[in-house]
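Subject: Structure handover

Hello,

Here is the structure I promised to pass on.

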Amino acid sequence: MIGPAPVRAHGPDTALSVRGELARARTGLAEAARRTQDRLAALPAPRERSVREREIAAAALDGTRTLRAAFMEAHAEAVYDELTANRDRGLSLAELAEAAATAFPGLVPTGDQLAAERSVAQAEKEGHEIDQGIFFSRLLGSPTAGTHLVESQLRPTPRALALYAEYAATGAADLGSVRIERTAGVAHLTMCRDDCLNAEDNRQIDDMETAVDLALLDPEVEVCLLRGGEMTHPRYRGRRVFSAGINLKSLHSGDISLVDFLLRRELGYIQKILRGIRPQDSDSWRRPTVEKPWVAVVDTFAIGGGAQLLLVFDHVIAASDAYLSLPAAKEGIIPGAAALRLVRAAGPRLSRQIILEGRRVRAAEPDARLLVDEVHENEELDGAVERSLERLRGPAVVANRRMLQLAEESADEFRRYMAEFAHQQALRLYSADVLDKVGRFSGAT
């Protein structure tokens with residue numbers, strides 16, 4: 001896990017002040033961040049800097065990030081309590097980051113700084129999201145603040161609550177990249193980004209979380225099904241595709257964000273599929289969350305984030321010609337919580353082959369049975385799906401599902417993993433090898 005940050009930058013007085021009394025620490029950090037911004041403002045844009053100028057910028061940023069890490073290690077719980085009114089308010093990740101930028105100047109980037117970064121490609125950014133990674137990693141690392149933060153992300157989104165009445169009346173909603181339709185007690189969620197083979201970006205994360213919320217809020221739904229729709233891509237025209245993973249074009253153009261995509265995805269809709277949602281008025285001693293069993297159908301392939309998703313489903317059915325892969329190491333990033341869950345499902349050796357070496361696992365080979373429950377020819381898939389949905393309608397399924405999840409992955413284990421993930425993924429987004437891939441990809445498009 002992340003160790004204590006050394007405090008050598010900006011002089012001994014500043015280094016000590018950020019670990020001292022909160023009011024003084026807040027002021028010291030703000031002043032240090034302002035000095036760093038002044039240094040950066042005096043330099044050319046990141047892509048135009050000389051080698052020496054890049055070294056100056058890196059030293060300035062690294063020094064201030066050392067202070068931010070030390071500040072959060074000393075004050076994470078106090079910061080979180082101030083932002084959430086002593087944990088009386090549940091804020092989304094984006095709301096937390098925005099509130100922190102206002103209450104603790106210099107701790108995380110402001111909205112203006114993030115907007116400026118969004119206007120340029122990944123390789124041309126200053127890397128302010130690394131500061132968000134420091135912030136969230138230390139919050140999640142706190143048992144008190146982190147537990148409340150993780151649980152808060154299980155609340156239904158405002159968008160889902162606003163759409164629920166119309167969805168409940170019609171039994172359907174077209175969210176853009178995801179459609180949801182209730183039929184005979186089953187919520188059918190269909191990923192329909194036919195323009196990019198269901199590759200995920202910020203937009204699809206929002207649509208998926210909204211669809212998951214609607215399915216879980218709906219008392220008429222007993223079981224939920226996720227499947228990819230038919231594609232218009234020339235190579236896969238007319239075929240269903242589950243998911244091509246992260247949208248690399250969006251990543252390389254700088255449109256994949258740490259907070260709204262990489263962290264929200266794990267703490268939001270994927271966690272909700274696994275653990276359910278906490279309704280706004282839920283203080284029931286019987287069951288604080290609303291959970292339902294989930295089935296996934298893999299047509300053609302489940303790449304990257306698509307393969308990650310399968311690890312939280314109760315039943316996975318795959319077409320005999322489909323395959324699964326997690327090429328995140330090749331892309332230079334970390335495949336979400338796959339490392340936490342894949343080792344448990346497939347064992348350490350196969351997990352290393354898949355994550356570190358990029359091995360594809362084809363549905364027809366024996367090792368696939370560690371990752372999927374059933375494999376069928378394409379013409380047999382619909383019948384297999386109906387049978388699996390019927391099996392998961394039992395009245396004791398949800399209670400037993402919960403006990404299995406507790407045995408497999410506690411919420412605290414997930415919180416500790418996500419603390420390290422927030423830190424490491426933020427660094428990977430701006431690492432030299434990823435930025436080099438970005439540059440080559442951009443030059444080729």
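How many strands form the open sheet that includes β1 and β10, and in what order? There are 7, and they run β1-β2-β3-β4-β5-β7-β10. The pairing in this sheet is mixed. Before going further, please note that this is a predicted model.

Look at the edges next. They are β1 (172–174) and β10 (374–376), and each of them pairs on one side only. Neighbouring strands here are turned against each other by 15 degrees on average, direction ignored. Inside the sheet, β4 (residues 223–228) and β5 (residues 294–298) run parallel. The two are joined by 4 bridges.

β8 (residues 323–325) and β9 run antiparallel, with 2 bridges between them. Leu-324 stands opposite Val-361 of β9.

**Helices**

Now the helices. α3 and α4 pack with their axes 10 Å apart, at an angle of about 100 degrees. An angle from 65 to 115 degrees counts as roughly perpendicular, and the two helices are therefore roughly perpendicular to each other. On the α3 side, the contact is made by Tyr-80, Glu-82 and Leu-83. On the α4 side, Leu-96, Ala-99, Ala-100 and Ala-103 make it. By class, that gives 6 nonpolar residues, 1 charged residue and no polar ones.

Which residues of helix α7 (residues 143–152) are buried? They are Ala-145, Gly-146, His-148, Leu-149, Val-150 and Ser-152. Their cover includes α3 (51–83) and α4 (93–103), the pair described above. It also includes α6 (129–141), α11 (258–275) and α18 (411–429).

Is Asn-247 buried or exposed? Its relative accessible area is 9%. Buried means under 20%, so Asn-247 is buried. Leaving aside residues up to four places away in sequence, Asn-247 touches Arg-193, Cys-196, Ala-199, Glu-200, Asp-201 and Ile-256.

The side chain of Asn-247 also reaches the backbone nitrogen of Lys-249, at 3.2 Å. Lys-249 sits in helix α10 (residues 248–252). With a relative accessible area of 62%, Lys-249 is exposed. Exposed means over 50%. Ala-199, one of the residues that Asn-247 touches, is 50 residues from Lys-249 along the chain. The C-alpha atoms of Lys-249 and Ala-199 are separated by 9.6 Å.

**Arg-287**

One last residue. Arg-287 is in the loop between α11 and β5. Arg-287 has 39% relative accessibility and counts as partly exposed. How far apart in space are Arg-287 and Ala-57? They are 51 Å apart, C-alpha to C-alpha, and 230 residues apart in sequence.

Best wishes

Notes: Residues are numbered from 1 along each chain as its sequence is written. This is a predicted model: local features need pLDDT of at least 70, side-chain atom pairs count only at pLDDT 80 or more; totals for chains, interfaces and linings use all residues. Side-chain values use heavy atoms; hydrogens and water are left out. Buried means under 20% relative accessible area, exposed over 50%, partly exposed in between (1.4 Å probe, protein chains only). Contact means heavy atoms within 4.5 Å. Axes are lines fitted to C-alpha atoms, for helices over the stretch in contact, and angles run from 0 to 180 degrees between N-to-C directions. Angles under 35 degrees count as roughly parallel, over 145 as roughly antiparallel, 65 to 115 as roughly perpendicular and the rest as oblique. Ala, Val, Leu, Ile, Met, Phe, Trp, Tyr, Cys and Pro count as nonpolar, Asp, Glu, Lys and Arg as charged, and the others, Gly among them, as polar. Two strands pair if DSSP finds at least two bridges between them. A polar contact is a pair of N or O atoms within 3.5 Å; within protein, one must be able to donate a hydrogen and the other to accept it, and residues adjacent in sequence count only if both atoms are side-chain atoms.
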